[in-house]
Every structure is written in structure tokens, then in C-alpha cells.
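The sequence and the structure come first, and the description follows.

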Amino acid sequence: MFKLKSAFNPTGDQPQAIKQLCEGVRNGRKNQVLLGVTGSGKTFTMANVIQDLNLPALIISHNKTLAGQLYQEMRDFFPQNAVSYFVSYYDYYQPEAYIPQTDTYIEKEAQINELIDKLRLQSTANILTRNDAIVVASVSSIYNIGSPLEYGKYVLTLEIGEGGDLKAIGRKLVELHYDRSEFEFKRGTFRIRGERIDIYPAYEDEGYMIETINSRVTRISKFETISGKEIEKEIKKVIIYPAKHFMTDQATVKAAEAQIRADLKSEYSMLKKAGKTVEADRLLRRVNYDLEMINEVGYVNGIENYSRYFDGRKIGDPPFSLLHYFKQAYGDKFLVFIDESHMTVPQIRGMYNGDHSRKKKLVDFGFRLRACFDNRPMTFDEFYNVPKHIIYTSATPNEWEIEQSRKNGKWKENEYEGIAQQLIRPTGIIDPQISVRPAKSEVLDLIGEIEKRVTLSQKILVTTLTKKTAEDLSIYLKEKNIRAEYLHSDIETLERSNILDNLRGGRFDVLIGVNLLREGLDLPEVYLVAILDADKEGFLRSHTALVQTMGRAARNISGEVIMYADSQTRSMKSAIDEIDRRRQYQIEYNHKHHITPKSVVKPIRGKVVEQDEISSVSNNTTVDKIRGESLTPYDRKKLIAKLEKEMRHEAENLHFEMAIKIRDKVRELKNNL
């Protein structure tokens with residue numbers, strides 16, 4: 001059972017929204033819209049719907065920062081249930097590509113974040129083993145992660161009194177992509193100690209100790225991996241899931257190889273007939289090399305391009321995504337919430353076309369077999385056909401979501417069935433006052449506004465049009481002794497959530513960003529939102545974007561928005577009119593119900609993942625003092641990855657001497673390896 005824990009009860013128009021959404025699901029409605037103004041408690045409404053319907057849920061957000069915040073909230077709302085986090089596990093990702101104009105081939109390069117990988121594995125394990133799973137995900141949830149049927153087959157079940165041959169258990173763990181490590185016990189490893197085996201699942205924070213006598217399991221316990229302290233002493237049964245999502249056996253690999261070679265022969269001949277001799281020879285060499293690597297070591301860089309052969313899918317079949325895990329585990333009895341749907345739905349729509357365009361060049365010029373087209377995100381239609389119930393949440397839903405929710409609906413009381421409205425803030429807070437000021441002196445005027453609010457311990461958000469402007473403004477404000485930070489997509493996934501927590505915790509006063517400061521960010525300490533270049537009509541200054549950005553100042557009674565512009569665009573005017581309409585609606589409600597507005601007070605929630613803060617090598621450590629001789633191979637690899645990332649950072653900031661120094665140290669460490 002889902003059990004919601006909160007100090008508050010639904011209030012304002014939350015109860016009718018919850019009731020309407022629940023009735024819609026029970027009546028079999030596929031599409032519904034939760035239209036809620038900023039600060040009306042849409043996340044709390046979603047949590048109540050999950051509890052009342054008692055259904056597992058997938059919540060999809062369009063960016064990792066918002067997904068991290070939603071995960072923190074849902075984890076606090078449902079402390080006794082299986083809440084998990086599923087986003088892209090790359091800290092750095094350069095996809096494979098070819099640019100014909102300059103004959104440039106770009107090889108795939110990626111750095112995987114092990115902590116996020118653990119959370120992804122935890123998500124799929126929760127779905128397949130529990131009835132109370134809630135997964136908060138980014139749009140990476142529509143990408144291929146392998147068949148849930150195959151993943152579900154590859155499990156190790158250990159039970160008291162059953163077979164406990166340590167060699168057999170070890171062999172099975174290796175098949176599940178676990179490594180034997182007698183010296184370093186980390187996620188995805190196991191070790192054998194006499195008549196017992198310790199296993200550290202790739203998706204958990206604790207390990208399992210399996211004790212045996214005469215090849216029979218006699219005792220199973222869970223323990224802290226660092227201290228060795230037992231947490232659960234008598235466990236009757238434990239199921240160990242794989243350390244990776246893509247799972248195949250040797251028989252599947254052999255069958256796949258035969259099909260790959262047949263396709264290679266066919267496509268090689270097609271290129272030859274088209275007069276593309278160079279491309280044909282390139283394809284032949286590339287695929288033969290990949291097959292040799294797969295046979296020898298079981299892996300090759302870019303193995304995902306052959307996933308269709310291993311999954312047993314036909315040409316054009318949709319990939320197996322996180323949605324298919326929900327479908328496999330729960331049938332149609334689960335919910336999909338698309339948060340900030342006006343942004344997330346278009347993003348889901350656009351994923352497939354961008355991926356296909358890049359891979360078409362790789363195929364046309366002999367870098368990949370056509371099978372690489374099937375290693376892809378789902379098309380929107382494929383995604384849309386999987387869930388039986390979808391709830392779109394937004395303060396500014398697009399016409400498409402509204403139209404879908406109205407299908408078969410009936411007109412009643414000036415609204416259609418399928419659209420649940422939340423226009424009332426339980427706190428009574430009125431939408432912020434808006435003023436428009438000249439853009440010519442925007443920075444100097446902004447500094448004056450910031451200095452006034454900093455003395456009152458108030459926080460400020462500033463939105464710019466580019467990442468470079470955000471960084472430059474942050475540096476400029478620091479030179480003026482103003483505590484400022486910037487936030488944009490180049491910052492690591494987990495670090496983004498930490499930056500927002502640091503703003504709330506008072507470590508700095510001004511946060512500058514581009515579009516990451518819009519949808520859904522819940523920052524009650526923010527009193528002022530400043531929008532630079534508000535009259536630059538476009539994606540970041542559209543009606544929807546402006547309404548969403550203004551909403552960041554609607555968390556306390558003194559919220560204010562300043563728009564810097566030399567002229568008033570159509571988007572500015574419509575956004576200001578909409579905010580004024582909502583102000584009037586809330587004022588009338590407050591007067592009718594004798595409500596005195598109160599600022600939102602929210603605790604600073606625990607981090608998405610607790611981890612040590614990693615400081616910059618170039619700022620806090622002398623590169624020359626780094627010595628690799630005393631490090632284990634594993635720690636040396638981690639240090640190399642960290643240095644490579646720092647090297648790229650220094651190069652991007654034009655600090656080439658430091659980048660070269662770090663590069664030389666990386667080469668030295670790699671030679672030692």
C-alpha cells in the first residue's frame with residue numbers, strides 16, 4: 001500500500017482536483033490534464049492521486065534538475081515505499097557522429113556516473129520485485145535499456161537450506177556482470193571468505209553475507225559495507241539482480257553473430273553496387289573488428305548499435321525502455337505523470353528525429369550497419385501507446401494535451417472533463433507584482449536591487465539568454481562582493497540539485513541561469529526574479545516561458561518580478577495579463593474565505609545522493625604533487641576520469657597551460673596503469 005506522509009491535508013481546490021483525476025482513472029480515461037498555477041501544490045496532488053488509487057507510477061520530467069527535486073519530494077512523501085530516480089548516467093557524453101563536409105569522424109566518448117547508474121539499476125529492481133514503485137525519471141526513460149524479460153531471467157536466488165556451492169554462486173554472479181574482488185569491496189562485486197560469500201548488489205547501499213555448510217545456505221544477513229555491522233540478521237531469501245541492464249547469453253551471441261554477418265554481406269554488396277567502394281570496405285573492417293571484440297572480451301565500444309540482434313527485435317520494432325519494465329511488472333495498472341508537459345511532450349516528440357538524422361550519416365558512409373537505427377529512443381506514438389493512463393501537469397499546458405483530455409468529454413461548468421484545475425494556492429499567496437524597466441542599464445539597476453535584498457537575507461534569481469552571459473554575470477557580481485553562482489546544463493546532474501540546496505541554505509544569494517530556472521523549481525526563499533532581455537522574442541522569452549519564469553517568485557508574499565526590456569512584446573503583454581488575471585482570482589478567493597497570505601516554508605531536503613564534495617584539481621591541489629604509485633588500479637582510474645574532466649573544463653575556459661599540465665599527468669598515470 002502507498003502511504004503518504006505529510007503534515008498537511010489537501011486544501012483550496014486540491015481536493016476537487018484529486019477527486020476528478022482519480023475518477024478519471026477509474027473510469028478508464030487515458031488522458032487528463034492537471035492545470036495548476038505555480039505554488040498550488042501539483043506535486044502534493046500527484047502524491048495523493050498515487051495514494052488514493054494505490055497504483056505504481058512513473059513521473060517524467062524534461063530536465064534532470066527538476067527530476068532530482070521531484071525525487072526528493074516524492075521520497076519524503078513516501079518514506080515507506082520504493083521511490084527511485086532514473087536519469088541519464090553520463091557525466092559527459094559525445095555521441096558517435098560523422099561530418100561529411102569536412103570528412104570528420106567523431107568517436108563516441110562517455111563518462112558514466114556510478115552513483116546514477118546505481119539509482120537506475122535500483123529503479124528496475126524495484127519495479128520487478130515490488131508493488132509500490134514510484135520512479136521519477138527524465139526523458140532518458142524512453143531510451144533502450146534491454147528487454148525486461150531477459151533482465152528478469154538473469155537472477156540469482158539464494159534461500160536458507162537451498163544449494164550453496166560457492167563456486168557455482170561465483171560463476172552465476174560473473175554471468176550477472178559482477179566482478180570478484182578480494183581487495184576492494186564496491187558495488188557490483190563479490191568476495192569469498194572461507195565458507196561464506198559477500199555480495200554487494202549494484203543497486204543497493206548494503207551488502208549481503210551468505211554463510212554455507214556442506215554446500216547448503218545456512219544463514220543470510222545484510223550488513224554495512226564499510227563497518228561490517230549487521231543490519232538484518234536473519235533473512236530467509238534474497239534475490240540478486242544483474243549489475244547491468246543489457247543481458248545476453250552465449251547462445252544468443254552466436255545466433256546474433258550469424259545474423260550480423262548476413263546483414264553485413266548484404267549491405268556491403270549494396271554499397272559496392274552504388275559505387276561506394278571506400279564506404280563498403282570501411283563497413284567490412286568495422287563490423288569484423290566489432291565481432292572479434294565481442295567474441296573475445298564480450299564487449300566493444302558501440303555494442304548498443306547491435307542491440308536489435310541481441311534483443312530478438314525485428315527491424316523497426318520499438319526499443320525496450322523503462323516503460324516496458326512497468327508494463328511487464330504491472331500490466332496496465334500503473335500511472336504515468338508527465339510533469340511540465342508543455343516542455344516534456346515536445347521533448348519526447350523530438351528525440352527520435354535527432355537520433356535518426358545523426359545515424360543516417362553513419363550508415364550512408366559505412367561506419368555502421370542499418371541495425372544501428374534500432375538502437376534509439378521511442379517515437380512519440382510508441383511511447384503514447386504503452387501506458388493506459390497519462391496525467392499531464394503544467395501551469396501552461398499546450399493545446400495538444402488539452403485537446404487529448406477533452407476527447408469524449410462533456411462540457412460542464414465552463415470546463416471540459418479531463419481537465420482538473422488548481423488555481424488556488426493553499427497559502428493564499430498572490431502572484432508577484434511585475435515591473436518593466438529599460439534594458440539599457442539593466443545590470444547596474446539589477447545590482448542595486450540585489451544589494452537591497454541581500455541586506456534582508458532575501459534570495460534572487462536572474463535569467464539570461466545564454467550560458468556565457470550567465471557565467472560572465474556571475475563573475476562580475478562576485479567582483480562586486482555579491483555571492484553569486486550560475487546554473488546551466490554543463491554542470492553535473494547531481495551537482496545541480498546541490499547548488500539549489502546551497503542557495504536555500506544561505507551559502508550564496510544570487511542564482512543565475514538560462515532555462516533551468518523555469519519550470520517546477522521550488523525555491524521559497526526567492527523574493528525577486530529578474531528577467532534580462534525580456535523583449536527578445538523567442539523560445540526563452542515566449543508567453544509560456546515568461547509565465548513559468550515569473551512563477552518562481554510566487555512562493556512568498558513579497559515576491560516581485562522585474563523585466564528588463566526596451567519595448568513590450570506580444571509575449572510580454574499576454575504573460576503580464578495572465579499573471580494579473582491569476583492575481584485577481586486569488587485575491588477574490590482570499591477575501592471570500594478570510595485567508596491571510598503566508599509565505600511557503602519548506603525544509604531543505606536530503607541530497608539526491610549523499611557524496612563527498614569533490615574539489616577542483618586545478619584550484620585546490622598542485623598537479624605536480626599527485627602520485628599514482630600508492631593508488632590501487634581502481635582508484636587510479638577514478639583519478640584519471642576526474643583529471644580528464646578537469647582538463648576539458650580548463651580548456652573550455654581558455655586556461656590552456658593548466659589543461660596541458662593536467663593532460664601530461666593523465667598520460668603519466670595511464671602509463672603506470
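Is Ala17 buried or exposed? In this predicted model, Ala17 is buried, with a relative accessible area of 0%. Ala17 belongs to helix α1, and, when residues up to four places away in sequence are not counted, Ala17 touches Leu34, Thr45, Ala420, Gln421 and Gln422. The C-alpha atoms of Ala17 and Val49 are separated by 9.2 Å, although these two residues are 32 residues apart along the chain.

**The chain as a whole**

The protein chain has 21 helices and 27 strands. Of its 673 residues, 53% are buried. Among contacts between residues at least 6 apart in sequence, 74% join residues at least 24 apart.

| Helix pair | Crossing angle | Axis distance |
|---|---|---|
| α1 (residues 14-26) and α2 (residues 42-53) | roughly 45° | within 9 Å |
| α17 (residues 543-550) and α18 (residues 570-593) | about 45° | 8 Å |

Helix α1 crosses helix α2 at roughly 45°, which makes α1 oblique to α2, and the crossing of these helices is right-handed. On the side of α1 the contact is made by Gln14, Ala17, Ile18, Leu21, Cys22, Val25 and Arg26, while α2 brings Phe44, Thr45, Asn48, Val49, Asp52 and Leu53. The residues of this contact of α1 with α2 divide into eight nonpolar, three polar and two charged.

Helices α17 and α18 pack at an angle of about 45°, and α17 is therefore oblique to α18. The crossing in which α17 passes α18 is right-handed. Here α17 contributes His543, Leu546, Val547 and Met550 to the contact, and α18 contributes Ser571, Met572, Ser574, Ala575, Ile576, Glu578, Ile579 and Arg582.

**Aromatic pairs**

A pair of aromatic rings is described by the distance of the centres and the angle of the planes. With ring centres within 6.5 Å as the cut-off, the count comes to 16 aromatic pairs. One of them is formed by Tyr98 and Phe365, a tilted pair with 4.9 Å centre to centre and 50° between the planes. Because Tyr98 lies in strand β5 (residues 97-99) and Phe365 in the loop between α11 (341-364) and α12 (380-385), this pair ties together parts that are 267 residues apart in sequence. Tyr98 is buried, with a relative accessible area of 8%, whereas Phe365, at 24% relative accessibility, counts as partly exposed.

Phe185 and Phe223 form an aromatic pair that is stacked, with 6.1 Å centre to centre and 10° between the planes. Phe185 lies in the loop between β10 (179-180) and β11 (189-193) and Phe223 in strand β14 (residues 216-223), so the pair ties together parts that are 38 residues apart in sequence. Both Phe185 and Phe223 are buried.

Which residues form one aromatic cluster? The cluster is formed by Phe380, Phe383, Tyr384, Tyr392 and Trp400.

How values were computed:
Residues are numbered from 1 along each chain as its sequence is written. This is a predicted model: local features need pLDDT of at least 70, side-chain atom pairs count only at pLDDT 80 or more; totals for chains, interfaces and linings use all residues. Side-chain values use heavy atoms; hydrogens and water are left out. Axes are lines fitted to C-alpha atoms, for helices over the stretch in contact, and angles run from 0 to 180 degrees between N-to-C directions. Helices (H or I, at least four residues) and strands (E, at least two) are DSSP runs, numbered from the N terminus. Angles under 35 degrees count as roughly parallel, over 145 as roughly antiparallel, 65 to 115 as roughly perpendicular and the rest as oblique. A crossing is left-handed if the near helix is turned anticlockwise from the far one by less than a right angle, and right-handed if clockwise. Contact means heavy atoms within 4.5 Å. Rings of Phe, Tyr and Trp (its six-membered ring) pair if their centres lie within 6.5 Å; planes under 30 degrees apart count as stacked, over 60 as edge-to-face and the rest as tilted. Buried means under 20% relative accessible area, exposed over 50%, partly exposed in between (1.4 Å probe, protein chains only). Ala, Val, Leu, Ile, Met, Phe, Trp, Tyr, Cys and Pro count as nonpolar, Asp, Glu, Lys and Arg as charged, and the others, Gly among them, as polar.
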